[in-house]
Amino acid sequence: MNGIIEFANVTLGKFMDIITPAVLMMLVLTIISVAVGVKFTKALEGGIRLAVSITAIGAIMGILTGGFADALQAFVERTGIELSITDVGWAPLATITWGSPYTLYFLLVMIIVNIVMLFLNKTNTLDVDIFDIWHLAITGLFAMYMGANLVVTTILVIFIGVLKILNSDLMKPTFNDLLDAPEENPMTTTHMNYMMNPIVMVFDKIIDKVLPFLDKYDFDAAKLNSKIGFWGSKFAIGIYLGLFVGFLAGMKLMDIFQLAFTAATCLELFSVIGQWFIESVEPLSQGIADFANKKLGGRQLNIGLDWPFIAGRAEMWAAANVLAPIMLLLAIILPGNKLLPLGGIIAMGLTPSLLVVTRGKLIRMILIGAFMLPIFLWSGTLIAPYATSAAKAVNAFPENLASSALISHSTLEGPIEKFVAYFVGLANSQGGMQILICLGVIAVYLGLFLWYRKEMIKRNEAYKLENK
C-alpha cells in the first residue's frame, strides 16, 4: 500500500510542482464526479466552484493574517501571553488537507466501508457529505505525522469512520424531533463535530444528577438572538477581536479600528466562502447517492448531509455568541494553550453537538460548552506543527506570516480524535509503553462511545413510544 502511494507521488511529482492546489482540485473533483455518472457540465461546474473557493479562502486568509501579524507580535511582547499560534479557521485547513493525495485515498476507503455497511445492514445511512471527509483525513494525516504507517492509519480512519456512520443512525430520531420532521425525513449527518456527543453527554448526565433544577431557568434562544442582533453577529465579533488585540498591542487608534474592520470583514466572508465549498461537491454527492440507490434496489436510506441542515435552530447561534468571549478568556488563562481564537471563534465545531445531546436546552449548552472549549484549544495547539508543515508542503502557508510562525484552528472538529491519532502515531513509531498507553486511550474512547450508544438507543425507544 505504501508502495502504491509512493509510486503515485514519484510519477506525479513534476506535475505537482507546476500545478496549483486550486487547479488540481478542480481536475480531481471533475474526474471523480464524471466517474460516478455526473454529467460533464455539472461535474466541471462543481470543480470550478471548488477552485474558486480555494482561491477565495487563500485571499481572505492573506488579508486576515497580514492584518494581525504585527498586532499579535506586539500583543505577545506587551502582555507576555504567548498565544503565538495563528488561528486560520477551518477553510485553510480544509484546503491543506485536500491538497494531500492521501485524502482521496481515505475518501475511497470510506466510500467502500459505507457501501459494505449498507449491504450488510449495519447502517441505514448513505454518507454523501464528500467534502467533509477532510475532517477524518486530517486525523489520519496527523497520525502519520506522529509516526503511524499507512496500514495503521487506514485502520484508524476506518475505526473512527465506522463510529461516525453508526452515530448518524443514532442521531436520526433526535434530528426529526429538533426539526419537527416526519419519521420518513431522510436527513442525518456523519459530520465529525458530532463525535463530541459522548463527552457532552457525560456532562449532561452530571447536570441531571447535580443540577436538575437548571432547566427551570432556561430561556428562548430565538428571542435572545433577536435582542442581541448585530452585536452578536460575525461582523461584531470580528470588531471585538480587533479592538481587543489592537488595544493590548498598543496600536494607534486608527490602526486599531482598521484591524477591527479587517477582522469583521474576514469572519463574515469565512462563512460565505465556506458555503461555496459545500455547494461545489453537491454534484458529486448526488452522483454517489444515485449510484448507491441503483445498486441497493431503491431501498429507503438516510442521507448523511453536512451539519448545516440543522442550522436553523437558534440555540446553536445563541450558544456560539455567548461562548465566543468565554473562549477568548480561556485562551488567555488556559495552561498549555498557545492558540489565540480568531478564525474559529464562532464555535461551530462544538455547538451542533451541544444542540443534539441537550435537545436545545440553552443553559446546558452554554455551561457544558464552557467546559468543552479547553479540549479544542489544546487540540489546536497539539496539531499546530503538523498543520504548519502540511501548509508549507502544498504551498498554502499564509504569505503574510513569518516563516517561523505556526498555524492551526481553535475549534477544529474532532479534537478528541486528534489526541487518539497522536497516541496511535507514537505507539506505531516508538512501541513499548506507548503501545499500552495507546490501547488504553482507544479502550476509553470506544467504551465511552458504546455507553453513549446505549443511552441514545434508550432515547430513540422513548421517541417510538411517543409517536405511537
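Start at I310. Leaving aside neighbours within four places in sequence, I310 is in contact with F175, L178, L179, Y194, M316 and L355.

I310 belongs to the largest nonpolar core, which has 111 residues. Together with W134, M372 and I407, I310 is among the residues that touch the most other members of that core. Which helix supplies the largest share of this core? That is helix α16, residues 362–393, with 15 residues.

In β4, I303 is the bridge partner of M187. Strands β3 and β4, the latter covering residues 302–305, run parallel and are joined by three bridges. The open sheet as a whole has three strands, in the order β2-β4-β3, with parallel pairing. Which strands stand at the edges? They are β2, residues 125–127, and β3, residues 187–189; each has a single partner strand, so one side of each is left without a neighbour in the sheet. From one strand to the next, the twist averages 40°. As a reminder, strands of a sheet pair through backbone hydrogen bonds.

Across β2, β3 and β4 lies helix α8, residues 150–179. Its direction is at about 135° to β3.

Now the whole chain. The protein has 18 helices and six strands. It is 468 residues long, and 54% of them count as buried. Of the contacts with a separation of 6 or more, 81% are between residues 24 or more positions apart. The accessible surface comes to about 20,400 Å², and carbon and sulfur atoms account for 66% of that.

Last, confidence. The mean pLDDT is 82, and 82% of the residues reach 70 or more. Where is confidence lowest, and where is it highest? The lowest is in helix α2, residues 13–18, at a mean of 50, and the highest is in helix α17, residues 415–430, at 96. Where pLDDT is low, the predicted coordinates should not be read in detail. That is all I have.

How values were computed:
Residues are numbered from 1 along each chain as its sequence is written. This is a predicted model: local features need pLDDT of at least 70, side-chain atom pairs count only at pLDDT 80 or more; totals for chains, interfaces and linings use all residues. Side-chain values use heavy atoms; hydrogens and water are left out. Two strands pair if DSSP finds at least two bridges between them. Helices (H or I, at least four residues) and strands (E, at least two) are DSSP runs, numbered from the N terminus. Axes are lines fitted to C-alpha atoms, for helices over the stretch in contact, and angles run from 0 to 180 degrees between N-to-C directions. Contact means heavy atoms within 4.5 Å. A nonpolar core is a set of buried Ala, Val, Leu, Ile, Met, Phe, Trp, Tyr and Cys residues joined through side-chain atoms within 4.5 Å. Buried means under 20% relative accessible area, exposed over 50%, partly exposed in between (1.4 Å probe, protein chains only). Accessible areas come from the Shrake-Rupley method with a 1.4 Å probe; for residues, only the protein chains shown count as cover. pLDDT is the predictor's confidence in each residue, from 0 to 100.
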